[in-house]
Protein chains: 2
Amino acid sequence: MTAPGAHVSGEDALIARYFKPLATDSGAFGLTDDVAILKSGGDDVVVTTDAIVEGVHFLSDDPPHTIAQKALRVNLSDLAAKGAQPSGFVLTLALREVEEAWLTAFASGLGRDAGIFTCPLLGGDTVSTPGPITVSITAFGRVPPDKMVRRSGAKPGDRVVVSGTIGDAALGLDVLRKGRAADALGSDTAAREALISRYRVPRPRNALAPVVRALAHAAMDVSDGLAGDLTKLCAASGVSAVVDVPAIPLSSAAKTVLANRATNMEALISGGDDYEILCAVAERDVEEFVRAADEAGVAVSPIGTIMAGAGAAQFLDQAGRELQLGRASYSHF
Amino acid sequence: MTAPGAHVSGEDALIARYFKPLATDSGAFGLTDDVAILKSGGDDVVVTTDAIVEGVHFLSDDPPHTIAQKALRVNLSDLAAKGAQPSGFVLTLALREVEEAWLTAFASGLGRDAGIFTCPLLGGDTVSTPGPITVSITAFGRVPPDKMVRRSGAKPGDRVVVSGTIGDAALGLDVLRKGRAADALGSDTAAREALISRYRVPRPRNALAPVVRALAHAAMDVSDGLAGDLTKLCAASGVSAVVDVPAIPLSSAAKTVLANRATNMEALISGGDDYEILCAVAERDVEEFVRAADEAGVAVSPIGTIMAGAGAAQFLDQAGRELQLGRASYSHF
């Protein structure tokens, strides 16, 4: 046999070159061992896993750095909604081939976000596939013992609160596909770009996590559509809800598309990829919740009320009529 | 909107039907929340992630229950080699379509192994893909604080010890592909089946974990070929090694294939998928290590010695000649 250097395989070289610089946590062992170590420090470890697939969750011509950001951020969004502080992630990357430019941009986007969200790479696996690029991430967070915010826990009388704006990512995908939203926005490049950005790069509300942990009875992130996700939260809590549709926060771009009748509220609240936080907050705590969220730099909007009962959430328009929702949330199968 | 039941999407129904029964740990919340909770109980949490891809790590016509077993067991093998006790796993399953028979068998194999290895399903993600079936698992284990066995730590004079037998899985793949190993075994169906079983269903040595933790200076699992993996362990420890090739443990089926010249030692120690434990044990502890391993039901074999220096591990045949190894270990790229 020859010198050890000759035995560094392509896979090992790839990991050393692109991903080792991201493995800044001591528990990652510089990606030189088989595993990583998570020190819990007495906290509960929160675990979430989400994969994104080329052609399903992102488009083949999306920039590689935004693909990396999306893969990490959809997981960060789950941690945020549970009131957890990110502590690291592992990555499985299935690639058809090693393209230097693609990997450089991918690792750069991933590293930047790992820094911004203080969520270092702990380990991973790189495999070859003849199929679509698939990025699977398992992310870890910490919460004080038994303080994780669950989907269950919403109580009748609680206010339903949502962060940010709803429907932008679904419109962004429509713009990328040159659908009606693109026509409706005409030459307003800034609005089109804003929506595309929401599709490609979710904005997980990790800054809101401490507020959620302190004040929310129940929470989840909105990933498969507000309507379906609220119904899931209600089902887990054994309650129902009524939502005041005009109170649902929309971006100015979404309002323009809506005003041009190139979408409707049913579509906006059934579309996926919002990655906002949906939670139930006691009526008496709502003011404090809104104030604390504002201090954390996140706009939140009370949009409805948790009700006793077991029916699906009702979405009422300004005339009090219930929206008729066909497909309430995104499903892969 | 109609009754909540109507809003259960295909994906949710799939998870509830096939995977919820496996989520027996309280931290899994019956797969009804966005995340899982790992209680560390003051231990260090060991994290490992490995994916298997149809056509790359398993064959399209492998039985679904063995695909599930392989996906979980390759991760369990990493935990075993680090001296960790399994505590659970999350699963990302990328499927082209929902085939009831396939999923039933897959979930059955997964559930059986989760029980055998006391490693419950904690959560997961199910996504659609137009490409090959991809099963990505992140598994968790526990070790007392700072007791994880690393790749580094091997010292000159330590004995190199390996569990089980080497080369069977690579021969099993050759049998499945109707290669020379199949011819060499002729009508010996039992031998062929034994090798195929080693390829499809790894036998992670989790029973050996406490012994490794107590007595090994360094350890890793052999997944990419004994020769390359030993060189990796040596590199991490800043040492070299000499292996006595005739001491490398072979199954009777492998011995038959070797006797028929349908393979050679170079191929057996460079093939992948062994999922045995390779470790460095102080000379004075080897007897105790072998005895304790035997009590745990795992055969182990001292095969060589850790040497000072930085060269790649040398593999010497019975005449003291060094084996010439081309591709020392499997690499995806």
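How many bridges join strand 3 (residues 85–95) of chain A to strand 5 of chain A, and do they run parallel or antiparallel?

Mentor: This is a predicted model. Nine bridges join strand 3 of chain A to strand 5 of chain A, and the two run antiparallel. One facing pair here is A:Leu91, which stands opposite A:Ile137 in strand 5. Strand 5 of chain A covers residues 134–143. Nine of its ten residues are buried. Strand 5 of chain A also pairs with strand 2 (residues 44–53) of chain A, antiparallel, through ten bridges. There, A:Ile52 stands opposite A:Val135.

Strands of a sheet pair through backbone hydrogen bonds, either parallel or antiparallel.

Now take the sheet that draws on both chains. It is open, with five strands in the order 1(A)-2(B)-5(B)-3(B)-4(B), and its pairing is mixed. Strand 1 (36–38) of chain A and strand 4 (121–128) of chain B stand at the edges. Each has a single partner strand, so one side of each is left without a neighbour in the sheet. From one strand to the next, the twist averages 20°.

Seven bridges join it to strand 3 (residues 85–95) of chain B, in the parallel sense. B:Phe89 stands opposite B:Leu121 in strand 4. Helix 1 (residues 10–19) of chain B lies across strand 3 and strand 4 of chain B, at about 140° to strand 4. Helix 3 (residues 100–116) of chain B packs on the sheet too, touching strand 3 and strand 5 of chain B. The direction of helix 3 makes about 170° with that of strand 3 of chain B.

Methods:
Residues are numbered from 1 along each chain as its sequence is written. Chains are lettered from A and ligands numbered from 1 in the order in which they are written. This is a predicted model: local features need pLDDT of at least 70, side-chain atom pairs count only at pLDDT 80 or more; totals for chains, interfaces and linings use all residues. Side-chain values use heavy atoms; hydrogens and water are left out. Buried means under 20% relative accessible area, exposed over 50%, partly exposed in between (1.4 Å probe, protein chains only). Helices (H or I, at least four residues) and strands (E, at least two) are DSSP runs, numbered from the N terminus. Two strands pair if DSSP finds at least two bridges between them. Axes are lines fitted to C-alpha atoms, for helices over the stretch in contact, and angles run from 0 to 180 degrees between N-to-C directions. Contact means heavy atoms within 4.5 Å.
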